[in-house]
Amino acid sequence: MTVHAAIAQTLVDHDVNTIFGLIGDANLFMVDSFVRNHGGQYIASANEAGATLMAIGYASLTGNIGVATVTLGPGLANTLSALIEGVKGASPIVLLCGDTPVSNRDEISKIEQREFVRVTGAGFVQLRSPETLFEDLATAFRRAAVERRPIAFNMPKDFQWQKIEYSPVKYPVPDNRTLVPSSDDLDDAVGIVATAKRPLILAGRGAMHESAKASLLKLAKRIEAPLATTLKAKGLFCDEPFDLGFFGTFSSATTVEVILASDCIIAFGASLNQYTTSYGTYLKGKRLVHVDLDQANIGRYLPPDAGVVGDSALTADLMLRWLDEAEISPSGFQCEVSELINQVSTPESTDNAARSSEPIDVKSALRRVDEVLPSDRVLVTDAGRFLREAWLSVGVPDPQSFLPGVNFGAIGMGLPQAIGAACACEDRPTLLITGDGGFMLGGLTEFNTAVRNHCDLIVVVCNDGSYGAEHIQFCNRDMDPSLSLFDWPDFGPVATALGGTGITVRSFEDMELAIEAIQNRQGPMLIDLKLDPDTMPQLPN
Ligand SMILES: Cc1ncc(C[n+]2csc(CCOP(=O)(O)OP(=O)(O)O)c2C)c(N)n1
């Protein structure tokens, strides 16, 4: 078979049924073979960054390896920021990138592709020769799975039509280790938990699976500890009675009160970075037990009083067993803070008087969207100062349904990730919340991709007509903010022109029309939420 057909066949052998991409000289025949010979789904993006981000969104929702393909030189060059987003977000994707012919030193599109990929932090696997294709591509898939980062698979264009024998290779990837700790560290940890008077359990990304959730809930009940999550694990304890929501710079005032009152934090699968600990202040004066499957994560930012290398669920179960054996009494902390916690879980009712005021405020609008969307929604966000309200006002059924989209802090990455997510779960609605700047940078380019692929996508543009994150900085220094202000076109008609449904919302009355449109939607829709840049809430530092 030809090399390009063999690559398509190898994708199928690795259970890939969807790829995102943009075709050019070096990947078009492979994509053609994947679609024509194997009935694979190909989602054509409008920009290579979009294809890469779609694969990231897809991987996040499915838990499988996402696959994108781009052509040589400029095709790969367009993926720079997207690859960094994937590296920082630990996204397992394979990027099949074409390369200029090995035999031609002077090809116009030639760049040092290995060096290019290296600066992003992604991995690189070279297709060494037609004969080593099966081995090389299997290596790329194995590395994406175990290294949890994008791996670029570099395919020189001149190999495409060469003939090889089909000899499939697939490397097994062992299941995540379920390490059961047994050490002095565990004894120390149990001792600290047993003597804590006001313990609090914190779960991060490494604990966001069902078995960890069940074990942490049991431990929390046993020691009477309230629970909280990092940003990435949003929704892990949703609807549980002692859920405090976010632990970190996005905590509500009430949650901060509980955090400050606690005397011991038991963290599972959380790196405890500066955003989670509010630059260390939330852990000051408390004892810290830090559990993580990866030894390198323990003490990476702050030294714990006890660090335990182990699986979150199994470690919590063990702690529970030792606490029972030692007949340790529960702390009583849940009862102490129950009134405060009730305030966290009861959303403020929307003020009726505010409803008639114009312009509509971001919080009320997003809460209204939250109320009407089915609970199994997926939430994706872009970056900007609207984020605080987006993350606090809209719920998700579980952390897997939440893509913060800001691992690199770049604007414009939300919409492509939302398309990838929507392609991964066609029977659920995907909600993207973005700013106007982020929509112009990255959303506009790919909105039509969502239309062409009939995604069930709702885009809410928090449109304050400004780069709000910069606007506030000018204003806070009493400077003229005009450099941050933009006279964008109305996004509603733009979305309609791109093939979707666009609605402009200025008032609460308009919002109700938008809600009706959400309920009757037939395809991608966009709500242009006109907001006042001077009354937008600030982001925490
Ligand atoms: C790719 C990229 N360019 C520039 C920035 C700097 N930046 C951070 S927030 C922001 C403004 C975003 O504006 P908008 O999307 O309208 O959201 P808002 O802050 O107004 O809520 C900018 C330009 C960035 N983070 N990423």
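Start by selecting V459: leaving aside residues up to four places away in sequence, V459 touches L415, L432, T434, F447, M525, L526 and I527, where contact means heavy atoms within 4.5 Å. Before moving on, note that this is a predicted model, in which local features need pLDDT of at least 70 and side-chain atom pairs count only at pLDDT 80 or more, while totals for chains, interfaces and linings use all residues. Residues are numbered from 1 along each chain as its sequence is written, and side-chain values use heavy atoms, with hydrogens and water left out.

Helices (H or I, at least four residues) and strands (E, at least two) are DSSP runs, numbered from the N terminus.

**Salt bridges**

How many salt bridges does a search of the whole structure find? There are 17, each one a side-chain nitrogen of Lys or Arg within 4 Å of a carboxyl oxygen of Asp or Glu.

Zoom to R385 and D464, whose closest N and O atoms are 3.0 Å apart in a salt bridge. R385 sits in the loop between β13 (378–381) and α16 (387–393), and D464 in the loop between β16 (457–463) and α19 (468–476), so this pair links distant parts of the chain, 79 residues apart. R385 is buried, at 5% relative accessible area, and D464 is buried too, at 6%.

Then show D456 and R521, which meet in a salt bridge at 2.6 Å, N to O. D456 is partly exposed at 22%, and R521 is partly exposed at 22%.

For another pair, select D490 and K530, with closest N and O atoms 2.6 Å apart. D490 lies in the loop between α19 and α20 and K530 in strand β18, so they tie together parts that are 40 residues apart in sequence. D490 is partly exposed at 36%, whereas K530 is buried at 16%.

Finish this stop with R128, E135 and D136, which are linked in a network of salt bridges.

**Cysteines**

How many disulfides does a search of the whole structure find? It finds zero, a disulfide being a pair of cysteine sulfur atoms within 2.5 Å. C335 is exposed at 60% relative accessibility. C425 is in no disulfide either, as the nearest cysteine sulfur, that of C423, is 9.1 Å away.

**Out at the surface**

Select L441 in helix α18 (residues 436–452). L441 is exposed at 52% relative accessibility.

Your last stop is K232, in the loop between β8 (227–229) and β9 (243–246). K232 is partly exposed at 28%, and its contacts, not counting residues up to four places away in sequence, are R205, M208, P399, F402 and N407.

How values were computed. Buried means under 20% relative accessible area, exposed over 50%, partly exposed in between (1.4 Å probe, protein chains only).
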